[in-house]
Amino acid sequence: MAHDLATMKKEWKELFSSMDQDQSGTITVMELYKFIMQVSKIDDEDPNVNWDDVRSIFKNMDKDGDKNIEWEEFFGAVTAKMNDKNWRTLLEKSIKREKDDKMTEEEVKMFFNSIDRDFSGEITKKEAMRACRRRSVLGKL
């Protein structure tokens, strides 16, 4: 874990950014819920995340009551809980998930080239649809 305040702040800022799906600079209750679901899936194929628990966590972090968690609110809440084993486990799982989910530049190129059938350097709608069907993505959209 972080050895100094700057490193710790950077790690938590990365976690905050990964939770902030729309990159608005704030976290909504739904973004928090989705994040907790993702992290819970690391250990459990079918996680049971209680909506009321998520709302309670959110309310405790949303100090100004504006229905958004800003970075300062988030960092203040998590640093106050640094000795809590559950919080530390959540951070460690999230960092592991982020590292495991990242693709190398070479992997991205290979993936792109597998979709770009005509090698034009651009993915057409037809190519994208074919790729989605191949990967059974359309049913999930």
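Student: At 24% relative accessibility, does V29 count as buried, partly exposed or exposed?
Tutor: The model is predicted, and the accessibility is computed from its coordinates. Buried needs a value under 20%, and exposed needs one over 50%. V29 has 24%, so the class for V29 is partly exposed.

Student: In which helix does V29 lie?
Tutor: Helix α2 covers residues 29-41. The helix that holds V29 is therefore α2 by the DSSP runs. In short, V29 lies in α2.

Student: Which residues does V29 touch, leaving out those up to four places away in sequence?
Tutor: Start with V54, which is 25 residues from V29 in sequence. In space their C-alpha atoms are 7.4 Å apart. V54 is one of the residues that V29 touches.

Student: Which residues line the second largest pocket?
Tutor: V29 is one of them.

Student: How much space lies in the second largest pocket?
Tutor: Rolling a probe the size of a water molecule over the atoms shows where empty space is left. For the second largest pocket, that space is about 200 Å³.

Student: What is phi of K67?
Tutor: K67 sits in the loop between α3 and β2. K67 is exposed, with a relative accessible area of 64%. Most residues other than glycine have a negative phi. K67 has a positive value, near 70 degrees.

Student: What is phi of F119?
Tutor: F119 lies in the loop between α6 (105-115) and α7 (125-134). F119 is exposed, with a relative accessible area of 65%. F119 is not a glycine, yet its phi is positive, at about 55 degrees.

Student: Is T26 buried or exposed?
Tutor: T26 is in strand β1, residues 26-27. The cut-off for buried is under 20%. T26 has a relative accessible area of 16%, so T26 is buried.

Student: What separates the C-alpha atoms of T26 and E70?
Tutor: Along the chain, T26 and E70 are 44 residues apart. E70 is among the residues in contact with T26, as are F16, D20, E31, N68 and I69. The C-alpha separation is 4.7 Å.

Student: Which residues have the most contacts inside the largest nonpolar core?
Tutor: In soluble globular proteins, nonpolar side chains tend to be buried together. Here the largest nonpolar core has 22 residues. α1 (5-19), α2 (29-41), α3 (51-61) and α4 (71-80) each give two or more residues to this core. The residues with the most contacts are W12, M19, I27, L32 and F74.

Student: What pattern does the protein follow along the sequence?
Tutor: The protein has seven helices and two strands. Read along the sequence, the pattern is α-β-α-α-β-α-α-α-α.

Technical notes: Residues are numbered from 1 along each chain as its sequence is written. This is a predicted model: local features need pLDDT of at least 70, side-chain atom pairs count only at pLDDT 80 or more; totals for chains, interfaces and linings use all residues. Side-chain values use heavy atoms; hydrogens and water are left out. A nonpolar core is a set of buried Ala, Val, Leu, Ile, Met, Phe, Trp, Tyr and Cys residues joined through side-chain atoms within 4.5 Å. Buried means under 20% relative accessible area, exposed over 50%, partly exposed in between (1.4 Å probe, protein chains only). Helices (H or I, at least four residues) and strands (E, at least two) are DSSP runs, numbered from the N terminus. On a 1 Å grid over the protein atoms alone, a cavity is a set of points where a 1.4 Å probe fits but cannot get out, and a pocket is an open set with protein on both sides within 12 Å along at least five of seven lines; lining residues have an atom within 4 Å of a point. Grid points are joined across faces, edges and corners, and a volume is the space filled by probe spheres set on the points. Contact means heavy atoms within 4.5 Å.
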